[in-house]
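Let's take a friendly tour of one protein model. Keep the sequence and the 3D view open, and look up each residue as it comes along.

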Amino acid sequence: MVARVRTVAFQGIEAVPVDVQVMIAPGKVNMHIVGLADKAVAESRERVQAALHASGLSMPSKKVTVNLAPADLPKEGSHYDLPIALGLMAALGAIPGDMLAGYVVLGELSLDGTIAAVAGALPAAIGANAEGKGLICPFACGPEAAWAGKDFDILAPRSLIAIANHFRGTQVLSRPEAGIHASARDLPDLADIKGQETAKRALEVAAAGGHNLLMIGPPGSGKSMLAQPLPSILPPLAPKELLEVSMIASVAGELGEGKLTDRRPFRAPHHSASMAAMVGGGLRVRPGEASLAHHGVLFLDEFPEFSPQALDALRQPLETGDCMIARANHRVTYPARIQLVAAMNPCRCGMAGEPGYRCLRGERCRTDYQARISGPLLDRIDLRIEVPAVSASDLIRPDRAEKSADVALRVARARTIQRERFERLGATSTTTNAHCSPSVIEEVAMPDASGLSLLKDASEKLGFSARAYHRVLKVARTLADLEASETVGRIHLAEAISYRMSSERMAQAA
Ligand SMILES: Nc1ncnc2c1ncn2[C@@H]1O[C@H](COP(=O)(O)OP(=O)(O)OP(=O)(O)O)[C@@H](O)[C@H]1O
Ligand SMILES: [Mg+2]
């Protein structure tokens, strides 16, 4: 007799159906797992046998074959333990097989029969719900899976015995509650930063339009400090975005206690990060930092210290909004619609451009250091600002600066204007100016006559690429939105162009 249990394999954040077939037949006493299983799945044999034993069930003295179908789909991870164990229990008659048919199952087993948390419960739950099935997942993953739907059937047992008792009707499991993290109150606040009004304005513009930002300044000027309050001025995630962000975190096994939060992700990887850590990949393909920062901020501090491969790997996601990892036998795509925020010193000694200072190595100190960032990557950064050292008088001044909450209100207003405009135009997948397509931005950000002549002059003099031209228009649109102005004027374009020119000014000053 063959018992069947449904489980999933993950391809990107998508849960692909996998059928676990368990057959007990006369023959040499043994247990085989077939169907392109990786090491973690092959080891599941030992865990399943021990867990069944601990739950008071002995393995049959027969030949047990477990097939994971489709046989040509690679199976990775430890979440196959529970479906295999339940399939075996059904084949042994310990639980009714027909009751299992309505569920998708995933979970890892401990040797004592308890069920341990696994990655990917949320996408599995969403997939199961779409098919009209229920979900059996570990107790710790219940709060996350419950987000898939209100009437969706979820069983989140702590152990094999608990699920067997549930099916026998002796101890009924209750449905887990959808978990949400209380929004953190202790986020760094813009008010803690003294002075730096220009940098704060650029942060506000970046937050309002989702633009990429580069801060250049001497050591200790407060660049790292300026990036930290960014999450506090960004609007909360919309429900659809929240689900996408959480699916990625779920597949990466990073949903703390299975709870979701509507705060935008803020990822700040160390500069030793490899290319696989940045965009995803590795032996077992996992989402990288760029995907974990989906709909949020990827902060790269000490920008030129990152390896050129890791940085240039970001070029594709910055343009398309997803990371595609191609392997010899399969291809995986993770969403990665990010806002890049980077900070760097102008040169190796950090002081180039400071009044009265000359680098010991002369001009090469700056050029060598800045050359570590490729031109195409720099071209994707809309806002480039200088962050000069904060003056002593600013530091001593007792009055507190504007709070994050006030700035957040203006940002939220500008974002609402953008969202409504894109909805009117039927571009519902676009929510911010930064991610709007070139044709749409030409339509919505066409400047008035004097603005147009300024843009024309600047493009010719500064040799803008087509991308730079569109990005200047996008920033100008955001500046107009912050003022709730329908038309993009000369003043908006002048500010947008000045943000693009900062790094060139720096070069001339040094
Ligand atoms: N505007 C400011 N208001 C208050 N404190 C500040 C300000 N700027 C800098 N500081 C102080 O200086 C410290 C160093 O700032 P930060 O680490 O952000 O500098 P940095 O520009 O990132 O330097 P580096 O280039 O060396 O990384 C902060 O921890 C803070 O104590
Ligand atoms: Mg720093």
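Start with a network: Glu319, Asp379, Arg380, Asp382, Arg467, Arg471 and Arg500 are linked by salt bridges. A salt bridge here is a side-chain nitrogen of Lys or Arg within 4 Å of a carboxyl oxygen of Asp or Glu. By this rule the model has 26 salt bridges.

A bit of housekeeping before we go on. This is a predicted model, where local features need pLDDT of at least 70 and side-chain atom pairs count only at pLDDT 80 or more, while totals for chains, interfaces and linings use all residues. Residues are numbered from 1 along each chain as its sequence is written, chains are lettered from A and ligands numbered from 1 in the order in which they are written, and side-chain values use heavy atoms, with hydrogens and water left out.

- (Buried means under 20% relative accessible area, exposed over 50%, and partly exposed in between, using a 1.4 Å probe and protein chains only.)
- Glu495 and Arg201 also form a salt bridge, at 2.9 Å from N to O. Glu495 sits in helix H23 (residues 490-509) and Arg201 in helix H8 (residues 197-209), so this pair ties together parts that are 294 residues apart in sequence. (Helices, H or I with at least four residues, and strands, E with at least two, are DSSP runs numbered from the N terminus.)
- Glu495 has a relative accessible area of 22%, which makes it partly exposed, and Arg201 is partly exposed too, at 28%.
- Glu241 and Arg264 form another salt bridge, their closest N and O atoms being 3.1 Å apart. Glu241 belongs to helix H11 (residues 239-251) and Arg264 to the loop between H11 and strand E11 (266-267), so the pair ties together parts that are 23 residues apart in sequence.
- Are Glu241 and Arg264 buried or exposed? Both are buried.

**The largest pocket**

- Which element gives the most to the lining? That's H19, with 4 residues.
- The space in the largest pocket is about 680 Å³.
- How is a pocket found? On a 1 Å grid over the protein atoms alone, a pocket is an open set of points where a 1.4 Å probe fits, with protein on both sides within 12 Å along at least five of seven lines; lining residues have an atom within 4 Å of a point.
- The lining is made up of 8 nonpolar, 13 polar and 8 charged residues.
- Where does the pocket lie? Domain 2 (190-402) and domain 3 (409-509) both give residues to its lining, so it lies between them.

**Strands and sheets**

- Strands of a sheet pair through backbone hydrogen bonds, either parallel or antiparallel. (Two strands count as paired if DSSP finds at least two bridges between them.)
- Strands E1 (residues 2-11) and E2 (residues 14-25) run antiparallel and are joined by 10 bridges.
- E1 and E2 form a hairpin with 2 residues between them, and Gly12 in the turn has a positive phi of about 65°.
- There is also an open sheet of 5 strands with parallel pairing, in the order E11-E12-E15-E10-E16. E11 and E16 (383-386) stand at its edges with a single partner strand each, so one side of each is left without a neighbour in the sheet.
- Strands E12 (residues 297-301) and E15 (residues 339-344) run parallel, joined by 5 bridges, and Phe299 stands opposite Val341 in E15.
- E10 is joined to E15 by 4 bridges, with Leu213 opposite Val341. E10 also pairs with E16 over 4 bridges, where Leu213 has Leu383 as its partner.
- In a regular strand the side chains alternate between the two faces of the sheet. Strand E10 (residues 213-216) is covered on both faces: Leu213 and Met215 on one side and Leu214 and Ile216 on the other are all buried.

Definitions and conventions. Grid points are joined across faces, edges and corners, and a volume is the space filled by probe spheres set on the points. Ala, Val, Leu, Ile, Met, Phe, Trp, Tyr, Cys and Pro count as nonpolar, Asp, Glu, Lys and Arg as charged, and the others, Gly among them, as polar. Domain bounds come from an automatic or database domain assignment.
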